[in-house]
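Let's take a walk through this model, starting with strands and ending with charged pairs.

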2 protein chains.
Amino acid sequence: MAEILDVTSPDDPRLDDYTRLRDVELRKSLEAERGLFLAEGEKVIRRAVAAGYPVRSVLTTRRWLAALADVLDPLEAPVYVVSEEVVEGVAGFQVHRGALASLGRVELPPTAALLARARRVLVLEDLVDHGNVGAIFRCAAALGVDAVLLSPRCADPLYRRSVKVSMGAVFAVPYARMTEWYDGLAELRAAGFRTLALTPDQSAAPMDKVDLADRAALLLGSEGDGLSSRWLHEADQAVCIPMSAEAMDLGVDSLNVVAAAAIACYALVR
Amino acid sequence: MAEILDVTSPDDPRLDDYTRLRDVELRKSLEAERGLFLAEGEKVIRRAVAAGYPVRSVLTTRRWLAALADVLDPLEAPVYVVSEEVVEGVAGFQVHRGALASLGRVELPPTAALLARARRVLVLEDLVDHGNVGAIFRCAAALGVDAVLLSPRCADPLYRRSVKVSMGAVFAVPYARMTEWYDGLAELRAAGFRTLALTPDQSAAPMDKVDLADRAALLLGSEGDGLSSRWLHEADQAVCIPMSAEAMDLGVDSLNVVAAAAIACYALVR
């Protein structure tokens with residue numbers, strides 16, 4: 001049974017996990033140091049708890065307690081009940097969805113263990129935008145991609161904005177982080193994966209014509225530059241989403257990374 | 001040859017087209033009244049001009065004049081050169097991409113004329129988010145959808161945010177607005193289109209198994225509620241994007257509207 005505690009000051013040290021949520025750099029170091037991440041809103045908190053992440057604490061307001069009762073009741077963690085003003089004073093903005101939870105990170109599986117259980121994998125190289133990472137996890141989960149593999153520098157799926165945009169899908173798709181970028185694809189090959197590099201280059205093989213081997217990994221590059229030339233050359237095959245010739249002439253010849261990922265996941269699990 | 005004019009005050013009436021860009025309601029009525037819309041940034045302005053929209057004026061800063069010289073030179077419209085502070089004073093925020101252009105709207109084609117020239121059509125019912133409308137136009141353009149048809153209440157593709165998110169694709173895909181919602185699909189049927197209602201309902205026909213007739217129109221519903229029951233029932237066939245059974249169990253069983261639209265366009269033009 002969770003302990004319900006009223007907290008009246010935004011400076012109360014028990015609220016430190018929730019400090020300055022808009023300060024990306026501060027949050028990154030604070031979350032890494034303490035091994036925590038935040039989930040926002042009733043549904044997302046529910047999914048994080050269901051996925052087994054240990055709850056450190058919950059921050060909410062009086063009027064949201066009831067909606068969360070069934071999630072909070074079995075918890076061991078403290079539930080801090082504060083006014084809207086205190087939430088804003090701590091977090092730096094109004095939290096509209098009623099609650100924040102601070103959860104403990106769990107150790108990610110080694111890449112080899114992740115790949116051993118998967119058949120269709122998405123590999124993200126150096127995506128920098130947390131919202132895009134979250135949106136891509138949402139696509140991967142909904143469409144049935146088995147696992148996501150992140151390059152060493154790819155943005156954190158458990159950062160608050162990733163979690164939020166993913167609607168909790170970051171808890172549903174197993175993922176791991178590569179320890180090395182340069183020879184990152186070697187491990188995929190060793191696990192029997194055919195690696196497909198997604199590129200806007202229209203001379204690549206169209207996604208829907210590609211021979212999807214028993215195990216296939218789709219490589220997706222960063223927002224601006226796409227895949228590194230290293231990975232493009234190392235991959236077994238370059239693949240593309242066919243673009244309209246007319247659009248190419250008009251210069252509106254690209255999809256944003258989330259739209260491209262959605263189509264790629266759809267084609268990958270077909 | 002465009003006339004280059006220095007303007008020093010944010011209250012100068014010649015800058016009225018650019019007033020308070022963040023005030024959605026004000027902008028909607030102002031733009032409707034004057035029959036104008038705004039394009040932001042060099043690339044997007046370039047595409048709007050190339051698409052034949054008449055330029056009312058351009059607002060820029062001294063250091064961006066050179067980058068736009070080839071676009072501005074042939075224009076008849078005045079080019080107002082202001083300081084960064086004046087831009088901010090007028091628009092309400094810093095314009096990072098160097099320039100804004102005020103352009104005249106042109107009359108949209110009647111639905112029948114639009115449909116007569118198209119084979120693959122996307123129909124948007126009551127989408128409210130300008131960014132989503134822009135992102136969907138970008139997908140439609142890149143993938144080669146012939147035309148977009150908007151329900152009477154669907155958000156404006158020429159609103160600043162739609163234009164920006166679309167990267168100018170709103171100028172590349174012909175579109176029209178239905179005059180009526182309730183019997184809106186009748187006109188599509190009359191033009192020989194098979195209407196396909198996209199739904200998350202997994203008992204509908206999977207998109208990739210649907211018989212795409214000579215002419216097919218894909219109906220896409222609003223962000224929260226999806227398609228109206230009226231349109232769902234009036235459509236020739238309900239279609240879905242197959243979701244992972246596992247994701248359904250975990251409750252992460254939906255795509256956002258842009259991801260769904262991207263996949264739907266991809267499947268529609270296959």
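In chain A, strand 9 and strand 11 (residues 216–220) pair in the parallel sense over 4 bridges. Here strands are DSSP runs of E with at least two residues, helices are runs of H or I with at least four, and both are numbered from the N terminus; two strands pair if DSSP finds at least two bridges between them. Within this pairing, A:Ala197 has A:Leu219 of strand 11 as its bridge partner. Strand 9 of chain A is also joined by 3 bridges to strand 12 (residues 237–240) of chain A, again running parallel, and there A:Leu198 stands opposite A:Val239. Of the 5 residues of strand 9 (residues 194–198), 4 are buried, so this strand is largely enclosed by the rest of the structure. Buried means under 20% relative accessible area, exposed over 50%, and partly exposed in between (1.4 Å probe, protein chains only).

A quick word on provenance: this is a predicted model, where local features need pLDDT of at least 70 and side-chain atom pairs count only at pLDDT 80 or more, while totals for chains, interfaces and linings use all residues. Residues are numbered from 1 along each chain as its sequence is written, chains are lettered from A and ligands numbered from 1 in the order in which they are written, and side-chain values use heavy atoms, leaving out hydrogens and water.

Now for the two copies. Chain A superposes on chain B by a rotation of 180° with 0.0 Å of shift along the axis (RMSD 0.0 Å), which is the relation of a two-fold axis. A:Arg47, in helix 2 (residues 42–50) of chain A, touches residues including A:Phe171, B:Leu250 and B:Val252, contact meaning heavy atoms within 4.5 Å.

On to charges: over all chains there are 40 salt bridges, each a side-chain nitrogen of Lys or Arg within 4 Å of a carboxyl oxygen of Asp or Glu. Here are some of them.

| Pair | Closest N and O atoms |
|---|---|
| A:Arg160 and A:Glu40 | 3.1 Å |
| A:Glu234 and A:Arg230 | 3.8 Å |
| B:Arg46 and B:Asp70 | 2.7 Å |

A:Arg160 and A:Glu40 are both buried. A:Glu234 is partly exposed, at 28% relative accessible area, and B:Arg46 is partly exposed at 27%.

Definitions and conventions:
Least-squares fit on C-alpha atoms with pLDDT ≥ 70 in both. Lists of a residue's contacts leave out its neighbours within four places in sequence.
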